[in-house]
Amino acid sequence: MTTANSKPKTIIALGLEGSANKLGVGIVKHVYPAGIPTDTELQPEMIELANVRDTYNPPAGEGFLPRDVAAHHRATIIELLNQALADAKITHQELDCICYTKGPGMGAPLQAVALVARTLSQLWDLPLVG
């Protein structure tokens, strides 16, 4: 195995998932004790730092309308983000990238979460992985 950098490397990723009625914000630390390999699949040690979720529940007898699910995600995501950072005991300055679900899923909720991911990426000057 060849490594681009044989020094130990840690990557902390923020993940946003909102493809349906569940909204999730997670933070994972990826640890590469021998550096990041260049000629093999990445297999880091992964440590879950935070996994915060909230579920949109429609009124009884109604299904999931994409616009209502998206409204839920827009109204809830910042609170979940703050909770995830608090649970992980880190600040956004310690993050290395932002990941989000591009699909498949319900269009309106996916767009709501993608907008937050892109905005955070620009505000915090972090790479975006989708």
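Modeller: Let us start with the helices: helix 1 makes a right-handed crossing as it passes helix 2. Please bear in mind that this is a predicted model.

Colleague: Which residues of helix 1 and helix 2 make the contact?

Modeller: From helix 1, the contact involves Pro 66, Arg 67, Val 69, Ala 70, His 73, Arg 74, Ile 77 and Leu 81. Helix 2 contributes Ala 108, Pro 109, Ala 112, Val 113, Val 116, Leu 120 and Trp 124.

Colleague: And what is the make-up of that contact by class?

Modeller: Twelve of the residues in the contact between helix 1 and helix 2 are nonpolar, one is polar and two are charged.

Colleague: At what angle do the axes of helix 1 and helix 2 cross?

Modeller: They cross at roughly 30°, and the axes come within 7 Å. Helix 1 spans residues 66-88 and helix 2 spans residues 107-124. Angles under 35 degrees count as roughly parallel, so helix 1 and helix 2 are roughly parallel to each other.

Colleague: Turning to the cysteines, how many disulfides are found in the whole structure?

Modeller: The search finds zero disulfides. For Cys 97, the nearest cysteine sulfur is that of Cys 99, 4.0 Å away. A disulfide requires the two sulfur atoms to lie within 2.5 Å, and therefore Cys 97 is in no disulfide. Likewise, Cys 99 is in no disulfide, its nearest cysteine sulfur being that of Cys 97.

Colleague: Is Cys 97 buried or exposed?

Modeller: Cys 97 is buried, at a relative accessible area of 11%. Cys 99, by contrast, counts as partly exposed, with 23% relative accessibility.

Colleague: Let us move to the backbone. Which peptide bond is cis, with omega near 0°?

Modeller: That is the bond from Gly 103 to Pro 104. Pro 104 is located in the loop between strand 6 (97-100) and helix 2.

Colleague: What about phi of Lys 89?

Modeller: Lys 89 has a positive phi of about 60°, although it is not a glycine. Its place is in the loop between helix 1 and strand 6. With 72% relative accessibility, Lys 89 counts as exposed.

Colleague: And where does Asp 125 lie?

Modeller: Asp 125 sits in the loop between helix 2 and strand 7 (128-129). Its phi is near 55°, a positive value in a residue other than glycine.

Colleague: Is Asp 125 buried or exposed?

Modeller: Asp 125 counts as exposed, because its relative accessibility is 70%.

Conventions
Residues numbered from 1 in each chain as written. Predicted model: local features only at pLDDT ≥ 70, side-chain atom pairs only at ≥ 80, totals over all residues. Heavy atoms only, no water. Buried < 20%, exposed > 50% of the residue type's maximum accessible area, 1.4 Å probe, protein only. Axes fitted to C-alpha atoms, helices over the stretch in contact; angles between N-to-C directions. Helix = DSSP H or I, 4+ residues; strand = E, 2+ residues; numbered from the N terminus. Parallel < 35°, antiparallel > 145°, perpendicular 65-115°, else oblique. Left-handed = near helix turned anticlockwise from the far one by under 90°. Contact = heavy atoms within 4.5 Å. Nonpolar A, V, L, I, M, F, W, Y, C, P; charged D, E, K, R; others polar.
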